[in-house]
Amino acid sequence: MSRATPHELVCREVVELVSDYLEGAMTLEERARFEEHLAMCDGCSAYLEQMRLTLRVAGELRAEAVDPHVCAHLVDAFRGWAQERRG
Amino acid sequence: MTAFTFTRRGARCPFTDRVWPVEGGWLADARATSAEHLPVWIAKELWRVELGGQISTPAEQTVAEHGRLLERVETWDRAAAEEFVADCRRRTLTLAARRPGDLRLKPMADDARGCTTAASANLAGWLAARTARVLDGEDGRAAERARQAAWLRARLGV
């Protein structure tokens, strides 16, 4: 649901701002506008829930719990992604 | 002061995933709404709440240092939500019919036709308000939200 008035957020903006929201880095006004969008948009509400769940699960992960081969693969993948972004 | 708050099932906050204490305990950083902004925050359950500490009203929300549930508004149930959806769907289609050739209105009318269940109550209200804004600007949007709030207050007896 991305047709919004100038005062309303659109879905793309919600996705961009979700980290600020979860970190409590918004003003009350910004937070209210953000939540106003969530109230009527099931898609963005689901996205927020997924982000919250991801953070919860990732926060429980210990370095020693990751298989060394998986760890090496992830590091390689991240380096490749970072190089691609740098062009 | 007293106000209202909409929650998910089980008094769970729609945005923060926190649960309001149902035994009268206080919840910090409480989000609520005045009666005039009820339609903006529609969700599964409606509660009357008491707010305390510092209170502010950013946008159309009421935020308090702490708040607690007083009672559930039992008149906000599936039947009431479905009636609200039907009312807002009719409203959107009636408004959109004022300018049949306006391509900005067609998506709203199409979405409104798809609002048929209680779960789409918030969206149905938003679509009617958005349609009114396209036609009559911010005054139109505000008037439509005020109409919806009056409808809810009358239907729910709050």
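Predicted model: local features only at pLDDT ≥ 70, side-chain atom pairs only at ≥ 80, totals over all residues.

User: In what order do the four strands of the open sheet in chain B lie?

Analyst: The general idea is that strands of a sheet pair through backbone hydrogen bonds, either parallel or antiparallel. In chain B, four strands form an open sheet whose order is S1-S3-S4-S2, and their pairing is antiparallel. At the edges are strand S1 (2-7) and strand S2 (27-32) of chain B, each of which pairs on one side only. Averaged over the sheet, and with direction ignored, neighbouring strands are turned by 55° against each other.

User: How many bridges join S1(B) to strand S3 of chain B, and which residue stands opposite B:Phe6?

Analyst: S1(B) is joined to strand S3 (residues 45-56) of chain B by six bridges, with the two strands running antiparallel. Within S3(B), B:Leu46 stands opposite B:Phe6, while B:Trp47 is the bridge partner of B:Thr5.

User: How do S3(B) and S4(B) pair, and what lies between them?

Analyst: S3(B) and S4(B) pair in the antiparallel sense over eight bridges. B:Val49 stands opposite B:Leu69 in S4(B), and B:Ser56 stands opposite B:Val63 of that strand. The two strands form a hairpin with five residues between them, and in the turn B:Ala59 has a positive phi of about 50°.

User: Which strand does S2(B) pair with, and over how many bridges?

Analyst: S2(B) is joined to S4(B) by five bridges, and these strands also run antiparallel. One of the paired positions is B:Leu27, whose bridge partner in S4(B) is B:Gly67.

User: Turning to the interface, how many residues of each chain are in contact, and how much area is buried between them?

Analyst: In this model, 21 residues of chain A are in contact with 24 residues of chain B. The area buried between the two chains is about 2000 Å², and carbon and sulfur atoms give 53% of that area. Six residue pairs between chain A and chain B are in polar contact, with both residues at pLDDT 80 or more. On the side of chain A that touches chain B, the elements giving two or more residues are helix H2 (28-40) and helix H3 (42-60) of chain A. H2(A) gives the most, with ten residues, and the residues of that side of chain A divide into ten nonpolar, one polar and ten charged.

User: Where does H2(A) lie relative to the strands of chain B?

Analyst: H2(A) lies across S2, S3 and strand S4 (62-72) of chain B, and runs at about 60° to S2(B).

User: How many salt bridges are there between chain A and chain B, and why are A:Arg12 and A:Glu16 separated by about one helical turn?

Analyst: Side chains of opposite charge can pair when their charged atoms come close. The structure holds 26 salt bridges over all chains, and the count between chain A and chain B is four. A:Arg31 forms a salt bridge with B:Asp29, where the closest N and O atoms are 2.9 Å apart. Within chain A, the side chains of A:Arg12 and A:Glu16 meet in a salt bridge at 3.5 Å, N to O. A:Arg12 and A:Glu16 are separated by about one helical turn because they are four residues apart in helix H1 (residues 11-22) of chain A.

How values were computed: Residues numbered from 1 in each chain as written. Chains lettered and ligands numbered in written order. Heavy atoms only, no water. Contact = heavy atoms within 4.5 Å. Buried area = accessible area lost by both parts, 1.4 Å probe. Polar contact = N/O pair within 3.5 Å; in protein donor to acceptor, adjacent residues only side chain to side chain. Nonpolar A, V, L, I, M, F, W, Y, C, P; charged D, E, K, R; others polar. Pairing = 2+ DSSP bridges. Axes fitted to C-alpha atoms, helices over the stretch in contact; angles between N-to-C directions.
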